[in-house]
Amino acid sequence: MTAATPPTLFPRVSAPSEYADPPRDADAVLDGLDPEQREVALALHGPVCVLAGAGTGKTRAITHRIAYGVRAGILQPASVLAVTFTNRAAGEMRGRLRQLGAGGVQARTFHSAALRQLHYFWPRAIGGEVPRLVERKVQLVAEAATRCRVRLDRNELRDVTGEVEWAKVTQTVPEDYPAAAALAGRQPPRDAAEIARIYAGYEQLKRDRGVIDFEDVLLLTVGVLQDRADIADQVRGQYQHFVVDEYQDVSPLQQRLLELWLGDRDSLCVVGDASQTIYSFTGATPDHLLDFRGRHPGATVVRLVRDYRSTPQVVHLANGLLSQARGRAADHRLELVSQRPAGPEPVYTEYGDEPAEAEGTARRIRDLLASGVRAGEIAVLYRVNAQSELYEQALADAGVPYQLRGAERFFERPEVREAGLLLRGAALASRVGTEPGGGGAAAGGHPAADDAGVPSQVRAVLAGRGWTTEPPAGSGAVRDRWESLAALVRLAEDFARARPDATLADFVAELDERAAAQHAPTVEGVTLASLHAAKGLEWDAVFLVGLTEGMMPITYARTDEQVEEERRLLYVGVTRARLHLGLSWSLSRAPGGRAGRRPSRFLSGLRPGTVAAGGRTGAAATGPGPGGGVERGAARERRRRTPVRCRVCGRTLTDAGEIKLMRCEDCPAQLDEALYERLHGWRAERARELGQPAFCVFTDKTLLAIAEAVPGTESELSCISGVGRRKLDTFGAEILALCAGERPGYGSENSSGK
């Protein structure tokens, strides 16, 4: 989602420099590694366990290890299989290996590697074609529930689907699910026997329709390798050296597949951090990492603790958070040591209510943008996705562009697909132009596609589709399109640095590979994401919001281990920040509500004036505000606000959307439909003129509230949620004119530019 500053295809995660050209020899691969990273790179024989803290350059260490082995002639590229957990991480690893002169090494996810093997061996092991893969199992689970006469609401359906996935990765069959779930301390959303029946029905539906799911890919590959010794021997003959990243997140099923790949050999390097185990609900367990030395007594163990990502202030908070942890993973925690200059202290902020917290966060983000921090280097992280709405609204009201993590895929955007077609055509024209009889540009080829380097060719092609050297003003659809094209230009520049002799056709092939893996370059916009979705990413500024008891830790975390996983989840959030870190919570849900909430227990002993269970006193800062103390000014201001009541029935409102409308969703509304249509048309024109998305002018809910209230004065307009002082100054006169049935005066000749 975001690259290190400055943005590059292969982000710099440690102090040593990267290479514009491949290293001249094997020894040069080791240049610039810190002592521990160098130790990893040189450990090429036998089992190796790398315990790598957040931001310590683990990807750098393991890619240099593979590259050193290849360049030294110790490892054959085709004999190495590097396995990680996301397509993005696998794509990044392949790119770094190519840059280091170790192309040809397979870097894949567990599922990708297994699916590739399954496709290859299926005709021989089973016969026929591999069954069709179902990407989303929720629909089949819903149908299975219906057949079992079990009614599930949307949330229950999602949770039951999660239980089915957990059962499969832990290799639990339907009839054993109730006992296994009880033994694991799970809290099923429905009766365990009901879930077992739904699970069995789901499996039967798949068989009836001849389809498989992602878990089946691993299960079937395991089955083939277990039952067919000849196929297992062929796989082991192909792959003789294995590297597994994020080993703390391996499930029992993935571990079984790894053991079958490995056979009786021990050429295995695993990398992980037990303090970042946050997916146990999916069946992941750190036990395989923590037990590695027990299974391999002679293993080389290296600890990476030099943190090149975060400032000492952020690292101090992260270490303090883990110092209070309990349990087996906590016993193996790593004490990070920052390698960066000092930065600002983390800022703790208490608000009176959730809307105030969202608005306050948006204000702080505007301040960071004004100070020069790029929008793409800022993230707002929360515990559950349902929290995003308030922050989407607040950022939209503040005119700040944002993107939801997991939204539209980069390579599926229309402008990116169009650019890919144009680049493919230019590459073809260039190839034709260099053949005997080809006329190059004179024969109709692209004018920049003959002698210029790849970046120049890409710029020339994309210039005709809206790319310019400078970004357009504003943050709207035009800017969004430009950002996508600019990301492709940056990608071409990084690609050319990594492969100076590459052609435009090579770059197009790179795009195809990345599109298949969805390894997308950076696009601007503040990131809104859950803490789970933020794993593996980093930003200059991170805001951790909603840090109250019941949310962090989440209400349903009841056992000690579940609570400790919540602590690790917060630790992952903290360690995403390079420089600026904000932590906030609100005392009530809605304005005027009872201030009964408490800050997360995990902050005790860390935020100023608090004491942890063990007696540690918070010492992050001594003063208020930016120095790191708890800011409460906004909270006091918000607590003085009166409750927002429905203007129809008088009920106190708590939902953000209802607060904006100033009525219950199901209460009758006096909507001026003609005014609503005029407001929509006006907003579209204004958004085009300003080069901004429509929601940055006003959101749909705000327009609806205006059309229902029909304000006649600035005072009445300012009472509508979403109409702050800035928007009142910029658009107030125009909105009031529309409400009065007049045509507003705006445009380049009378826009104040406010």
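**Figure 1. Glutamate 377 and arginine 578 pair up in a salt bridge.** In this predicted model, the closest N and O atoms of the two residues are 2.6 Å apart.

**Figure 2. Glutamate 215 reaches lysine 137 across a stretch of sequence.** Their side chains meet in a salt bridge, at 2.9 Å from N to O. Here the partners sit 78 residues apart: glutamate 215 is in helix α10 (residues 214-227), while lysine 137 is in the loop between β4 (132-133) and α6 (138-147). Both glutamate 215 and lysine 137 are buried.

**Figure 3. Arginine 328 and aspartate 291 make a salt bridge between partly exposed residues.** The distance from N to O is 2.3 Å. This pair also links distant parts of the chain, 37 residues apart, with arginine 328 in helix α16 (residues 328-331) and aspartate 291 in the loop between α13 (287-290) and α14 (292-295). Why do we call them partly exposed? Arginine 328 has a relative accessible area of 37%, so it falls between the 20% and 50% cut-offs. Aspartate 291, at 30%, lands in that range as well.

**Figure 4. Helix α4 runs from residue 87 to residue 99.** Its 13 residues reach 18 Å from the first C-alpha to the last, close to the 18 Å expected at 1.5 Å a residue. Which of its residues are buried? They are Ala90, Gly91, Glu92, Met93, Arg94, Gly95, Arg96, Leu97 and Gln99. Just after α4 comes glycine 101, with a positive phi of about 80°.

**Figure 5. Arginine 60 sits buried in helix α3.** The helix covers residues 58-71. Arginine 60 has 0% relative accessibility, so it counts as buried. Where is glutamine 37 compared with arginine 60? The two are 23 residues apart in sequence and 7.9 Å apart in space, C-alpha to C-alpha.

**Figure 6. Glutamate 246 and valine 710 have positive phi values without being glycines.** For glutamate 246, phi is about 50°. You'll find glutamate 246 in the loop between β6 (241-244) and α12 (252-262), and at 14% relative accessibility it counts as buried. Valine 710 has a phi near 45° and lies in the loop between α28 (700-709) and α29 (714-718). With a relative accessible area of 32%, valine 710 is partly exposed.

Figure 7. Where does the proline sit? Proline 553 is in the loop between β15 (539-544) and α23 (560-574).

Technical notes. Residues are numbered from 1 along each chain as its sequence is written. This is a predicted model: local features need pLDDT of at least 70, side-chain atom pairs count only at pLDDT 80 or more; totals for chains, interfaces and linings use all residues. Side-chain values use heavy atoms; hydrogens and water are left out. Helices (H or I, at least four residues) and strands (E, at least two) are DSSP runs, numbered from the N terminus. The expected span of a helix is 1.5 Å times one less than its number of residues. Buried means under 20% relative accessible area, exposed over 50%, partly exposed in between (1.4 Å probe, protein chains only). A salt bridge is a side-chain nitrogen of Lys or Arg within 4 Å of a carboxyl oxygen of Asp or Glu.
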